[in-house]
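Morning, everyone. Please bring up the model on your screens. I'll talk through some contacts.

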Amino acid sequence: PWLLGAGIMELFLQLTLAGLAIGSIYSCVALSVVMVYQASDHFNFAQGEMAMFSTYIAWTFLGMGAPIWLSFVLAVALSFLAGVVIERLLVKPVEDAPILNQIMVFIGLLVIFNNMAGWIWEFTIKPFPSLFPADFGFKSSLIGPHHMGVIGLTLLVLLLVFCFFRFTRVGLAMRAAAANPDSARLVGVSVGWMLALGWGLAAAIGAVGGILVAPIVYLEPNMMAGVLLYGFAGALLGGVTSPGGAVLGGLIIGVLENWVGGYVPGGSELKLTFALILIIAVLLFKPAGLFGRVVVKRV
């Protein structure tokens, strides 16, 4: 019996640690979704495609002979610039337009990035190398080196983002611009550029998620479709008004998804269904999310 119990516990730890690793990627996507939502009050449906396109850029740098970490840094930096440009050129002109116009811009971006990636790099599946070495100096039967590196790098990125928003003047100005644009303008904050920087930072964080998930799902234009769905689920579960809640929501989704895949018969085929059911349940019973605040608008 104790051998059976040890085997059950080992499986539980394997599923949980792998879930935390993939949940870390969902957290990056969920955080980028929430940042755009706080900047524009809308979901960017092209967030996953932007991350996918950034991953292809990193793959291109690799093909040119650049080291993988340099390719990673360059792709993230270019993603940041692209996010700023997209906000300035495409999002800002429609910020006062009807909501349907804004949604069509986001859907248009999704289709453009997806088709452009297929046109430039073709729709064939490509392997993408891991950022991390195959051996960290020790081996574990509970978690692989890539998953271990994903958790570590994601925690580092999230810590840097937290410190940026908490302790820097630009970060505080971005928070003020997103929370109360009118009051921020009164104290001299350039709200428009702060929102553009928010878009850039969201694109960069999304790129991190795309590059981390590519070795797991392989590189192809549709690779982020499911990941974005999980990211939306994490953002809604944690609360679209709470960046920290979105991060926790992504981790929870990753663990629950892995438990479903490991314990439910045929669960691997139910993962996306589980995410959709969770999204619907949150919208029905806890619209503000677990950690979000209820927004009351006076009319």
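Start with the contact of α9 with α10. In α9, the residues are Y230, A233, G234, A235, L237 and G238. They meet G245, A246, G249, G250, I252, I253 and E257 in α10. Contact here means heavy atoms within 4.5 Å. By class, that contact has seven nonpolar, five polar and one charged residues. The classes run like this: Ala, Val, Leu, Ile, Met, Phe, Trp, Tyr, Cys and Pro are nonpolar; Asp, Glu, Lys and Arg are charged; the others, Gly among them, are polar.

A word on the source. This is a predicted model, where local features need pLDDT of at least 70 and side-chain atom pairs count only at pLDDT 80 or more, while totals for chains, interfaces and linings use all residues. Residues are numbered from 1 along each chain as its sequence is written, and side-chain values use heavy atoms, with hydrogens and water left out.

Now the geometry. Helix α9 covers residues 225-238, and helix α10 covers residues 243-263. Helices are DSSP runs (H or I, at least four residues), numbered from the N terminus. The two axes come within 7 Å and cross at roughly 120°. Axes are lines fitted to C-alpha atoms over the stretch in contact, with angles from 0 to 180 degrees between N-to-C directions. α9 and α10 are therefore oblique to each other. Oblique is what remains after roughly parallel (under 35 degrees), roughly antiparallel (over 145) and roughly perpendicular (65 to 115).

Next, aromatics. How many aromatic pairs does a search of the whole structure find? It finds 13. Rings of Phe, Tyr and Trp (its six-membered ring) pair if their centres lie within 6.5 Å; planes under 30 degrees apart are stacked, over 60 edge-to-face, and the rest tilted. F12 and W259 are stacked, at 5.6 Å centre to centre and 25° between the planes. F12 lies in helix α1 (residues 2-40) and W259 in helix α10, so this pair ties together parts 247 residues apart in sequence. F12 is partly exposed at 31% relative accessibility, and W259 is partly exposed at 29%. The cut-offs: buried is under 20% relative accessible area, exposed over 50%, partly exposed in between (1.4 Å probe, protein chains only). Y37, F43, F45 and F232 form one aromatic cluster.

Last stop, I86, in helix α3 (residues 68-91). I86 is buried, with a relative accessible area of 9%. Not counting residues up to four places away in sequence, I86 touches M50, V91, L109, F113 and W199. I86 and W199 are 113 residues apart in sequence, yet 8.1 Å apart in space, C-alpha to C-alpha.

Conventions:
Helix = DSSP H or I, 4+ residues; strand = E, 2+ residues; numbered from the N terminus.
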